[in-house]
Amino acid sequence: LFELLDREPEIQDDVEAVDLPELEGHVVFEHVAFSYRSDIPVLQDIAFEVAAGTTVVLVGPSGAGKTTLMHLIPRFHDPISGHVSVDGHDLRNVRVQSLREQVGLVAQDVHLFGTSVRENIRYGRLEATDEAVEAAARAANAHEFICEFPEGYESLVGERGVKLSGGQRQRVSIARAILKDPRILLLD
């Protein structure tokens, strides 16, 4: 266990990395390539631009690299070549924490804690009021099913959310991301 805890993260801040200012959200991929193993490319020469305030949908078969592409934005991985930038800032030159604070991600595999619905949503912004939590749940179309639970927002979801359906877990995860109010929201 200590060996695992002592491991250094693969993605490290450059010694000259700077904090990002508040983002508008203009994302640019320039000739990006990525692979998990050197002999199997996952992404090759990817180039596109997403203007701030717009919505883009990526579609394609399973295994095409959609999730990998999205994981490059919060720097869960770095490209092997090319550049990913936000508002003109190359992501390799910014502090990871300052980037991730402004990016929200709703993953395919929802991670919920064995606590209440309210606390699972509040995890998106720990200082949020109950009213803000409920507003986020309404925006995620989760408020109605939450209110149907005998204890409403105080209902326990069980470890990993086992007391909720897959769709309900996803809605709670979306509410958490909405509550965070990120400058860039990624829905995988």
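Analyst: Let's look at the open sheet and the core beside it in our list of topics. This is a predicted model, where local features need pLDDT of at least 70 and side-chain atom pairs count only at pLDDT 80 or more, while totals for chains, interfaces and linings use all residues. Residues are numbered from 1 along each chain as its sequence is written, and side-chain values use heavy atoms, with hydrogens and water left out.

The open sheet has four strands in the order 2-1-3-4, with antiparallel pairing. Strands here are DSSP runs (E, at least two residues), as helices are (H or I, at least four), numbered from the N terminus; two strands pair if DSSP finds at least two bridges between them. Strand 2 (40-50) and strand 4 (89-90) are the edges, each pairing on one side only.

Strand 1 (residues 27-37) meets strand 3 (residues 81-86) over five antiparallel bridges. Across this pair, Phe 29 stands opposite Val 84 and Glu 30 opposite His 83. Strand 3 also pairs with strand 4, over two bridges, and Val 86 has His 89 as its bridge partner. In that hairpin, two residues lie between the strands, and Asp 87 takes a positive phi near 50°.

Now back to Phe 29. Beyond its neighbours within four places in sequence, Phe 29 is in contact (heavy atoms within 4.5 Å) with residues including Ile 46, Leu 72 and Val 84. Phe 29 is also among the residues that touch the most other members of the largest nonpolar core, which has 20 residues. Such a core is a set of buried Ala, Val, Leu, Ile, Met, Phe, Trp, Tyr and Cys residues joined through side-chain atoms within 4.5 Å, where buried means under 20% relative accessible area (1.4 Å probe, protein chains only). Strand 1 gives the largest share of this core, four residues.

Technical notes
Buried < 20%, exposed > 50% of the residue type's maximum accessible area, 1.4 Å probe, protein only.
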